[in-house]
Amino acid sequence: MFIRRIVTQGAIFGFWTVAAFAQQTPASSRPVLREFPVILQQNLETGKTPVGAKVQANLAAATEFNGTIIPKNAVLSIVVAESVAKSAKDKARLEIRIDKASWNGGWSPLKAYLMPLYFPLTAQAGQSPPNGSGTSGAADEAEQRTNSQSPMQRQFPGNNTEAAQEAIPDIPTISSRPVRMKNVELAPAGDGGIALVSEHTNLKLYKQTTYVFAADESSVR
């Protein structure tokens, strides 16, 4: 069973490293399980997102699967196989599955299931203004920022260095390592796949967030 392989091999909770965001290269002893960082393009919630719904998503990093390199930004065909809202008697359950990856000039069948892992956003401070308190330098800095197209641009006030530094926005960046969803466990699904379950609350997934899916290479051979 797929879920037994995940538990016994520790492929999800111990195998993922920073290299997940670089292209995976073939190894002499290829692992059975592969992980896919997936960027969702829409929100999902148990009980609200119906079974059978199609989910838009893209691959966040090039990943090898059955000898084929699936490129970054490949379009993923994802379907919601189970969606049960939390109730007084029942746990929330969510099973979503990738069936296919397609890109310009190719495609690959998949059978990858959502894991209770995601990559959070972290705040990274913007670059500090250059040292020196000349009026012309501050004016140039302000003009450059005004002319930029960044939605987070801000005008630096005069020669007030401390105020200028406070005006620099934190830039959200994606973490290099995934974290586990709180109060979420794995459970076998009726179709032989994997569902996420929670006895505390409904499960919610958010667009533009990167989640981890896992696939057994032998399942599509």
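**Overview and salt bridges**

Of the 221 residues in this chain, 40% count as buried, where buried means under 20% relative accessible area, exposed over 50%, and partly exposed in between, with a 1.4 Å probe and protein chains only. Please note that the model is predicted: local features need pLDDT of at least 70, side-chain atom pairs count only at pLDDT 80 or more, and totals for chains, interfaces and linings use all residues. Residues are numbered from 1 along each chain as its sequence is written, and side-chain values use heavy atoms, with hydrogens and water left out.

The chain contains three helices and 15 strands; these are DSSP runs numbered from the N terminus, helices being H or I with at least four residues and strands E with at least two. Its accessible surface is about 12,300 Å², and 49% of that belongs to carbon and sulfur atoms; the areas come from the Shrake-Rupley method with a 1.4 Å probe, and for residues only the protein chains shown count as cover. Contact here means heavy atoms within 4.5 Å. Among contacts between residues at least 6 apart in sequence, 66% join residues at least 24 apart.

I turn now to charged pairs. How many salt bridges does the structure hold? There are seven, each defined as a side-chain nitrogen of Lys or Arg within 4 Å of a carboxyl oxygen of Asp or Glu. Side chains of opposite charge can pair when their charged atoms come close.

One of the salt bridges joins E82 and R93, with the closest N and O atoms 2.7 Å apart. This pair links distant parts of the chain, since E82 belongs to strand β6 (residues 75–84) and R93 to strand β7 (residues 92–103), 11 residues apart. E82 counts as buried because its relative accessible area is 18%.

Another salt bridge is formed by E64 and R34, at 3.1 Å from N to O. Here too distant parts of the chain are linked: E64 is in strand β4 (residues 63–65) and R34 in strand β1 (residues 33–40), 30 residues apart. E64 is buried at 3% relative accessibility, and R34 is buried at 6%. Through shared partners, salt bridges join R34, E64 and E217 into one network.

Finally, consider E45, in strand β2 (residues 44–45). Is E45 buried or exposed? E45 is buried, because its relative accessible area is 15%. Leaving aside residues up to four places away in sequence, E45 touches S83, N202, L203 and K204. E45 also forms a salt bridge with K48, the closest N and O atoms lying 3.7 Å apart. K48, by contrast, is exposed, with a relative accessible area of 65%.
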